[in-house]
Amino acid sequence: YRFCFFFFFPVCTVTFLGANAEIKFTIPVGKLFTYELMRETFQNDFEPLSKLYAGRLNDDPMIFKCNLQNFPDLPEWLRFTQRHPFDNGFLYGTPTSPGKSIIEIYAINKRSYETARHILVIKIVPEKILPYQAEFFIELREIEKVLPSSVQDEIQSDLQKLWGTKALEIVNITNALDRGGRVPLPLAGHFEGVYVKVGSEQYFSECLLRVLTPEHTKQCSAKDKGGKDKIWSGCLFCNIPSNCITWCKTELFDLSKEKPAPPAPTMGPGILEDVMEFNPPESPPSRDYFPDYIVTVIVPLILAIILCLILGYVMFGRREGMYNKTLQTPVLIQLHHHHTIHDNTDELRGMAANRGVPPPLSTLPMFNSRTGERAMPLQSDSPSIPLIMAQQSQVSNMWRGGQIQPAKGSSPALGMNL
């Protein structure tokens, strides 16, 4: 009993918790394989008890990641597409050689960030290739809208009428963007386009054979210049307008005729023919690189030195300096503002201590704050001391000529209070 209990418990645990599901397919070579990744299936893996108790499943956005086991990408013949996280994904393609492929499918829940993993085992068996194949371009379709089995049946039914046989199978479906098509504008009525390739054991119908005529080639050339795609009379079999084909992009493939094998390579003895003694070419003559060195290094260096010298002369050689500025400016003008600030400060402090004082002397023109004497105003339009160079020399001349008398207690040389 103990052995049976331990054997039964792991099996039930794996089944109950939803272990990695393994799905197996057996497909022939040269036939279209399509597998739809249903979001509802993976949603059930994320919430195994939600449908049992709540009676419903959440509609969470999901993205799928598919790759060949132990490899980062899918096999060469297999493709994956998913337009939006709320859409189902599709694996599709046509195998070209027998073998076995193990595909890992990871579903990522964008709401809860949970992941689920499924294993898809595809066994490819050999089968005879259909000898007569034709490829059609459906302009008003996109790859996600063609891969569902119901849409494939509609397209296959229309092509069976065009071919004139029921023994018709879809060989491959390819997105036009994978064939070098242009990305359409994001507007209504613009589609990427899809190439659908079908095959049959029966030879091509009369409508299909018209594609090989020179008249058809001429009409397609006129269409490239702005004409319309002409539909042959009696060859229109599309019940749904979006399933109608573009005749100018239709191609026929006759695989019943075996292509001649390329000629086998001729096997030689493996020994080179006896020729004359090999004389290696002489070494090229030596080249003098000194002129190149002068042009590329010395000349730019000399120009840089000249520019530095000119810039240094402009920056330092043309400056007058503080000493020259001091000599050109009279001492009175230099120290007048300094003493005026101190005098005004003392006066404002005295006014702050006693509010009942006469108007401050600073409001009177040309006064001495220490003696209270008023001086003769300068011959200027402004009562302030001029600072312009021309007025400065005029003030200096007036001091020297005695027109302006210094205040008591000041030096005539300095023109300031001592």
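Guide: Two strands pair if DSSP finds at least two bridges between them, and strands (E, at least two residues) and helices (H or I, at least four) are DSSP runs numbered from the N terminus. This is a predicted model, in which local features need pLDDT of at least 70 and side-chain atom pairs count only at pLDDT 80 or more, while totals for chains, interfaces and linings use all residues. Residues are numbered from 1 along each chain as its sequence is written, and side-chain values use heavy atoms, with hydrogens and water left out.

Visitor: In the open sheet of three strands, which strands stand at the edges, each with a single partner strand?

Guide: The open sheet has the order 2-5-4, with antiparallel pairing. One side of each edge strand is left without a neighbour in the sheet, because each has a single partner, and these edge strands are strand 2 (33-37) and strand 4 (78-81).

Visitor: What is the bridge partner of Leu-78 in strand 5?

Guide: Strand 4 and strand 5 (residues 89-93) pair in the antiparallel sense over four bridges. The partner of Leu-78 in strand 5 is Gly-93.

Visitor: How many aromatic pairs does a search of the whole structure find?

Guide: Rings of Phe, Tyr and Trp (its six-membered ring) pair if their centres lie within 6.5 Å, and planes under 30 degrees apart count as stacked, over 60 as edge-to-face and the rest as tilted. By that rule, the search of the whole structure gives a count of nine.

Visitor: What is the centre to centre distance in the aromatic pair of Tyr-132 and Phe-204?

Guide: The planes of Tyr-132 and Phe-204 stand 75 degrees apart, which makes the pair edge-to-face by the cut-off of over 60. Centre to centre, the distance is 5.7 Å.

Visitor: Are Tyr-132 and Phe-204 buried or exposed?

Guide: Buried means under 20% relative accessible area, exposed over 50% and partly exposed in between, with a 1.4 Å probe and protein chains only. On that scale, both Tyr-132 and Phe-204 are buried.

Visitor: Over which ring does the charged end of Lys-197 sit?

Guide: A charge sits over a ring if NZ of Lys or CZ of Arg is within 6 Å of the ring centre and within 35 degrees of the ring normal. The charged end of Lys-197 is 4.5 Å from the centre of the ring in question, that of Phe-253.
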